[in-house]
Amino acid sequence: MKKLYLVAGARPNFMKIAPIVRALQAHGEPAFRIIHTGQHYDREMNDVFFEELGIPKPDVFMGAGGGSHAQQTAKIMVAFEELCQVEPPDAVLVVGDVNSTLACSIVAKKLNIPVAHVEAGLRSGDMSMPEEVNRIVTDSISDWFFVTEPSGIVNLRNEGKPDSAIHYVGHVMVDNLLYQAGKLANMDTSGFETSEYKAARQANGGRYGVVTLHRPANVDNAEVMARIGGALREVAAELPLIFPVHPRTRGNLEKFGIDLGPDITLIGPQGYMAFLDLWKDAAVVLTDSGGLQEETTALGVSCVTIRDNTERPITVEEGSNVLVGTDPARIVAEARKVLRGEGRRGQRPRLWDGKAAERIVELLVQELVRT
Ligand code: UD1
């Protein structure tokens with residue numbers, strides 16, 4: 001039987017791998033191994049997701065987290081090359097745009113192993129963003145492109161990719177979201193760290209907003225971080241905000257001495273279920289995450305994206321997302337719109353229907369016959 005390596009390394013990869021694993025198990029072939037690069041390693045950034053999302057324990061854990069981009073990428077490449085030489089797979093599947101995606105696709109390609117890229121073709125046009133470099137390099141050498149939105153097809157065609165290699169399949173992250181939302185509906189949520197906060201807000205008819213920030217462009221620069229923090233304080237005076245803080249952001253808030261004030265509740269990174277339970281009922285989500293722009297669109301929750309661009313334009317064209325950049329006036333104005341009931345709800349894009357992983361597995365089986 002043909003053998004596939006599934007690569008996962010950082011938090012946003014885990015939600016994308018989970019439905020692919022389920023679809024592979026249901027299909028019965030090809031055989032697969034889960035390779036964890038170790039890019040994310042803290043319990044709340046890693047283990048929690050494997051447990052909650054029902055992903056089997058990784059077959060290989062490479063422990064290549066931490067360090068600069070070059071150090072991290074290099075460590076992953078060396079470890080993955082060794083693995084592929086000892087036990088070569090018939091294909092490697094990478095997801096998203098993190099350093100693990102880039103590192104493993106380069107290694108596979110140089111060993112003449114075909115690469116499947118899930119979430120291919122997205123482009124922000126912003127080369128200062130590490131993920132944009134990762135996307136472009138990965139797509140430039142991948143063999144099969146599994147695309148989440150029409151802009152991905154256009155971008156890949158413009159870069160000369162043949163139509164026969166481009167497959168618009170929908171979005172595995174939405175597969176995972178719909179699956180987990182179904183489970184959440186029958187779950188006792190009283191044990192979540194956030195349940196008291198949510199209940200207290202809702203008990204007196206109050207609303208709340210959810211914040212996430214971790215992009216280097218927003219949180220690594222003291223002036224930008226302070227500017228965004230000021231806008232969030234202003235929003236929080238009218239709508240209490242809750243902010244699960246990524247380790248990178250936590251460190252920088254402390255380093256820059258930024259105080260977000262009494263109306264923003266800071267908590268640690270949350271597991272998938274607790275976080276979903278929190279944001280699905282929020283009045284608004286203020287974020288710089290890529291995945292959350294899509295997840296809010298899938299459930300019709302208003303999203304204000306604190307970035308100048310997005311590689312996921314469908315969330316703005318059809319979904320519930322608005323781009324506001326880092327200008328405090330725009331952040332506050334957009335949040336106020338939501339409070340007036342003028343927030344965007346949008347609609348769920350075509351093929352974001354919970355079946356993307358099944359389509360990917362069907363296509364991979366056909367492609368692998370030819371390799
Ligand atoms: C990475 C991805 C980003 C994704 C994000 C989600 C790249 C280029 N970036 O960014 O696309 O949106 O994950 O979180 O791959 N850290 C810990 N514990 C952990 C993980 C990280 O303390 O479990 C700290 C470390 O100090 C680390 C820093 O966070 O150096 C940054 O981690 P890294 O994986 O390099 O990038 P992220 O900012 O998490």
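In which loop does Asn112 lie? After that, please go through the surroundings of the ligand in detail.

Reply: The model is a predicted one. Asn112 lies in the loop that runs between helix 4 (99-110) and strand 5 (115-120). Although Asn112 is not a glycine, its phi is positive, at about 60°. The peptide bond leading from Glu29 to Pro30 is cis, and its omega is near -10°.

Now the ligand. The space that the ligand takes is the largest pocket. Around the ligand there are 19 residues, and those that come nearest are Gln39, His40, Asn99, Glu131 and His214. In the side chain of Gln39, an N or O atom is 2.8 Å from an oxygen atom of the ligand. For His40, the distance from a side-chain N or O atom to an oxygen atom of the ligand is 2.7 Å. Arg248 also has a side-chain N or O atom placed 2.9 Å from a ligand oxygen atom. As for cover, the ligand taken alone exposes 740 Å², and 86% of that is buried by the protein.

The composition of the shell can be given by class: six residues are nonpolar, eight are polar and five are charged. In terms of secondary structure, at least two shell residues come from each of helix 1 (11-27), helix 3 (69-86), helix 5 (130-141) and helix 11 (247-256). Helix 5 contributes the most, giving three residues to the shell around the ligand. At the level of domains, the shell takes at least three residues from domain 1 (3-171 + 352-370) and at least three from domain 2 (190-339). Both domains therefore supply part of the shell around the ligand, with the bounds taken from an automatic or database domain assignment.

Terms used. Residues are numbered from 1 along each chain as its sequence is written. This is a predicted model: local features need pLDDT of at least 70, side-chain atom pairs count only at pLDDT 80 or more; totals for chains, interfaces and linings use all residues. Side-chain values use heavy atoms; hydrogens and water are left out. A residue is near a molecule or strand if one of its heavy atoms lies within 4 Å of it. A polar contact is a pair of N or O atoms within 3.5 Å; within protein, one must be able to donate a hydrogen and the other to accept it, and residues adjacent in sequence count only if both atoms are side-chain atoms. Accessible areas come from the Shrake-Rupley method with a 1.4 Å probe; for residues, only the protein chains shown count as cover. On a 1 Å grid over the protein atoms alone, a cavity is a set of points where a 1.4 Å probe fits but cannot get out, and a pocket is an open set with protein on both sides within 12 Å along at least five of seven lines; lining residues have an atom within 4 Å of a point. A molecule sits in a cavity or pocket if more than half of its atoms lie within 2 Å of its grid points. Helices (H or I, at least four residues) and strands (E, at least two) are DSSP runs, numbered from the N terminus. Ala, Val, Leu, Ile, Met, Phe, Trp, Tyr, Cys and Pro count as nonpolar, Asp, Glu, Lys and Arg as charged, and the others, Gly among them, as polar.
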